Amino acid sequence: MSGNRSNHVTTSDKPPGVEFAIGAAAAVGAGFFTNPIDVIKIRLQLQGELEARGSYQKVYKNTFHAAYQIGRHEGILALQSGIVTALGFQVVLNGTRLGSYNLAKRYKLTLNADGDTNVIRTALVSGVAGCVGAVIGSPLYLVKTQLQAQSAKSIAVGYQHNHSGTISAFQALWNNGGFKGLYRGWYANIPRVFVGSATQLTTFGLFSDWLRPMEVFDGKPILMTFVASLLGGSCVAVTMQPFDVVATRLYNQGTDGKGKGQLYNGLFDALYKIFRTEGVFGLYKGVFPTWLRIAPHTVLCLVFYEKIARFHAYEFGK
């Protein structure tokens, strides 16, 4: 499985910080294109919250109907709701996650003796690094979720925080609890990001190892990255979705005067309540837009990373 590895960018002499900067830049490029799908996904995940299947009227019938409804009632720009905080979160999350993954790969910490992907070590490195980035960037994800859930009254689903903008959202959270208010529900993203990150980068590595010896990819590293990341991103949609729904619900729920959630008391309480009232399908609400977002996002993120890394290597004579 070792194959010909001459297609990979040589990164051994790059300063470690460059890995994190490239990861952040790649994620911002990907996030700009996939944010509209994220908005749609949030709306579908909040629709029929804690209501039995078939007992409520669907405002959004499917992914494409949701896009139409949002554009019709709120304007086309509403599909880029929360874009500032969404891209800010991508900088923190993927700067940490992709930077750590590629740094670990550079020093062969995630590879086996043959130079191929070690599943357990890759999953642990990418999962833990992702969790660190997710916790640090939690206030950005909190505001992003609340802004993306906010909608015109006629098509509103879930709790509506009624922020007038990004700055006012941060001010409201700070006024309602200070530092603790900004980090409300910080734990919500940990299982989501650990599972998603571990799945994404581990399967990407495994698919890359599998595809590399194939003649069709010889001398075509970008094409190989594209195919491997598309396959890896598709796996993420299946494994991460229940935790993605839970994170959306926890971050968006309203709070009482003491900052306590009005619907859920934590991760396990949210999982239990959603499964009890909405069934297993409730935990997979919005799975199609999740795939529609995460697969292209994975492709764009990793392809952008590859292109930026190659540009950096070329510019600095590597």
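D38 is buried in this predicted model, with a relative accessible area of 4%. That value is under the 20% cut-off, so D38 counts as buried. K41 is buried too, at a relative accessible area of 1%.

**Salt bridges around K41**

The side chains of D38 and K41 form a salt bridge, with N to O at 3.1 Å. Both residues lie in helix α1 (residues 16-46), and they are 3 residues apart, so about one helical turn separates them. K41 also meets D244 in a salt bridge, at 2.9 Å from N to O. This second pair links distant parts of the chain. D244 is buried, as is K41.

Which residues do shared partners join into one network of salt bridges? The network holds D38, K41, K144, R192, D244 and R293.

Side chains of opposite charge can pair when their charged atoms come close. A search of the whole structure returns 10 salt bridges. Among them is the pair E278 and K285, at 2.8 Å from N to O. Both E278 and K285 are buried.

| Salt bridge | N to O distance |
|---|---|
| K41 and D38 | 3.1 Å |
| D244 and K41 | 2.9 Å |
| E278 and K285 | 2.8 Å |

**Helix α2**

Helix α2 covers residues 63-74, which makes 12 residues.

Where do the buried residues of α2 fall, seen down its axis? They stay within an arc of 155°, and therefore line one face of the helix. These buried residues are T63, H65, A66, Q69 and I70. F64 and R72 are exposed, on the face turned away from the buried side.

Both ends of α2 have a local feature. At the start, a side-chain oxygen of N62 comes to within 3.1 Å of the backbone nitrogen of F64. Just after the helix, G75 adopts a positive phi of about 95°.

**In brief**

K41 has salt-bridge partners in D38 and D244. In α2, the buried residues line one face, and the exposed F64 and R72 are on the face turned away from them.

Definitions and conventions. Residues numbered from 1 in each chain as written. Predicted model: local features only at pLDDT ≥ 70, side-chain atom pairs only at ≥ 80, totals over all residues. Heavy atoms only, no water. Helix = DSSP H or I, 4+ residues; strand = E, 2+ residues; numbered from the N terminus. Expected span 1.5 Å × (residues − 1). Buried < 20%, exposed > 50% of the residue type's maximum accessible area, 1.4 Å probe, protein only. Arc of directions from axis to C-beta. Polar contact = N/O pair within 3.5 Å; in protein donor to acceptor, adjacent residues only side chain to side chain. Salt bridge = Lys/Arg side-chain N within 4 Å of Asp/Glu carboxyl O.
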